[in-house]
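We will go stop by stop, selecting a few residues each time.

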Amino acid sequence: MRRLIKLALLILIVYVGVQYIQHKFGTETIPNAIDYAKAEVNEQEAANFIEKFIEQSKQIFQDTQDILPDWDTGAETEQTKQAEKPELETPAHQTFSIYNIQMGDSKEAVEQELGKPQRTSMNEYGISWNTYHENYQNFVMVGFDSNKKVAALYTNQDLISSTNGVKKGSSKDSVLKTLGNPLDELTKGFVRYKFPEDRDYEVFEMDGSYVTVFFDKHENNTVTAMQIVTTELEEDRSDFYTDGSAQLEEGFEFQLFDLTNASRVNNGLGVLTWEDNVKVTARKHSEDMAKNNYFDHTNLDGESPFDRMLSDGIKYTMAGENLAYGQYSSIFAHEGLMNSLGHRENILQEGFTYLGVGVAFNEKSQPYYTENFITK
């Protein structure tokens with residue numbers, strides 16, 4: 001379908017060109033040239049002329065594959081096969097489970113049920129998030145401690161089960177009524193970290209874990225995601241911000257990419273493809289902001305996201321950028337972006353097909369996140 005559109009546009013360009021020439025030099029210019037060619041060539045010359053014309057036409061059409069936009073009409077997009085949702089069970093030992101997984105379950109039991117992870121990446125707790133999904137359906141992230149026991153869980157899909165009825169889609173009022181008063185701060189050593197007043201999440205301490213419930217402001221403040229981390233794992237993290245490292249930068253980048261795709265699937269959209277070249281551009285902007293202590297889509301040289309991508313040789317027909325700063329993990333960054341309407345629109349933009357994510361830390365170990373979306 002895209003090739004037909006490109007061919008039609010090529011024909012239109014040729015037609016307009018012919019009309020322009022006729023208007024410029026008179027309506028007889030082109031016919032006279034053709035008549036002259038007919039009169040002056042013999043049979044062999046005519047055959048050679050036609051063969052050469054066909055070859056040149058083929059080459060022109062091939063060239064348009066690079067010159068003309070690569071529109072995706074949607075008709076050729078393969079529909080994502082619907083994965084079967086697991087039958088969720090009421091947790092036996094704790095208040096919450098995710099994908100029927102509870103804290104303390106063995107890695108062997110998890111992988112017996114879910115198979116090998118699609119990705120393993122470093123997180124802010126110094127362990128790895130193991131990401132399991134079926135083309136971003138039934139999306140869950142699991143962290144294991146040194147004893148290969150579940151110490152962290154996260155999902156932003158309908159995989160939450162509980163003993164008290166709290167699940168994805170529950171209202172914030174019902175959650176607070178059921179779970180009681182949430183925490184308003186975390187203590188690290190001799191420092192207390194107050195949660196922001198306008199937060200879109202609440203943290204509860206229960207069952208030997210910290211349970212963070214995220215709410216979607218654009219869906220009537222209902223439960224949109226949940227993270228569970230053991231008390232031991234949280235208390236082992238000595239500071240609110242984890243020291244930045246190349247491994248953690250890459251971990252946050254891939255996690256933000258996966259979280260974005262899981263949210264798109266939640267909304268019936270196709271998944272984005274990772275684009276390394278775009279990641280490089282995004283990473284450079286995060287590094288620039290972290291180094292020079294600013295937070296803006298326009299850099300200190302006056303370049304927009306679109307300028308930066310073009311100067312890095314990235315071709316696109318549509319592009320967008322999301323920025324986040326200060327959230328101590330990729331999960332908190334993503335949930336914050338989803339609650340900001342403009343950023344949410346980029347994440348859920350049907351027309352985007354590629355994504356590159358770049359993360360960098362400033363001297364205080366605070367992360368800067370840049371998401372660059374494009375369509376080629």
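Select lysine 376. This residue is partly exposed, at 36% relative accessibility. Keep in mind that you are looking at a predicted model.

Now trace the chain between the two. Lysine 376 sits in the segment after strand S15 (367–375). Glutamate 275 sits in the loop between strand S12 (273–274) and helix H8 (276–292).

Next, select lysine 284 and aspartate 312. Their side chains meet in a salt bridge, 3.0 Å from N to O. The pair joins helix H8, which holds lysine 284, to the loop between helix H9 (305–311) and strand S13 (318–325), which holds aspartate 312. The two are 28 residues apart. Buried or partly exposed: what is lysine 284? It is partly exposed, at 41% relative accessibility. Aspartate 312 is partly exposed too, at 32%.

Move on to arginine 344 and aspartate 216. They form a salt bridge, with the closest N and O atoms 3.1 Å apart. Arginine 344 belongs to helix H11 (residues 341–347), aspartate 216 to strand S10, and 128 residues separate them. Arginine 344 is buried, at 9% relative accessible area. Aspartate 216 is buried as well, at 7%.

Now pick Lys172, Arg199 and Glu202. These three are linked in a network of salt bridges. How many salt bridges does the whole structure have? A search finds 15.

Time for the cavities. The structure holds two of 30 Å³ or more. To find it, select its lining, including Tyr125, Phe195, Tyr210, Gln227, Glu234 and Phe332. Then colour strands S9 (201–206), S10 (209–216) and S11 (222–230): each supplies at least two residues of this lining. By class, the lining has nine nonpolar residues, two polar and one charged.

Last stop: the second largest cavity, with a volume of about 60 Å³. Select Gln94, Thr95, Phe96, Met103, Met206, Asp207, Ser209, Val211 and Ile228, which line it. Five of the lining residues are nonpolar, three polar and one charged.

Technical notes:
Residues numbered from 1 in each chain as written. Predicted model: local features only at pLDDT ≥ 70, side-chain atom pairs only at ≥ 80, totals over all residues. Heavy atoms only, no water. 1 Å grid on protein atoms, 1.4 Å probe; cavity = no way out; pocket = protein on both sides within 12 Å on 5 of 7 lines; lining within 4 Å. Points joined across faces, edges and corners; volume = space filled by probe spheres on them. Helix = DSSP H or I, 4+ residues; strand = E, 2+ residues; numbered from the N terminus. Nonpolar A, V, L, I, M, F, W, Y, C, P; charged D, E, K, R; others polar. Salt bridge = Lys/Arg side-chain N within 4 Å of Asp/Glu carboxyl O. Buried < 20%, exposed > 50% of the residue type's maximum accessible area, 1.4 Å probe, protein only.
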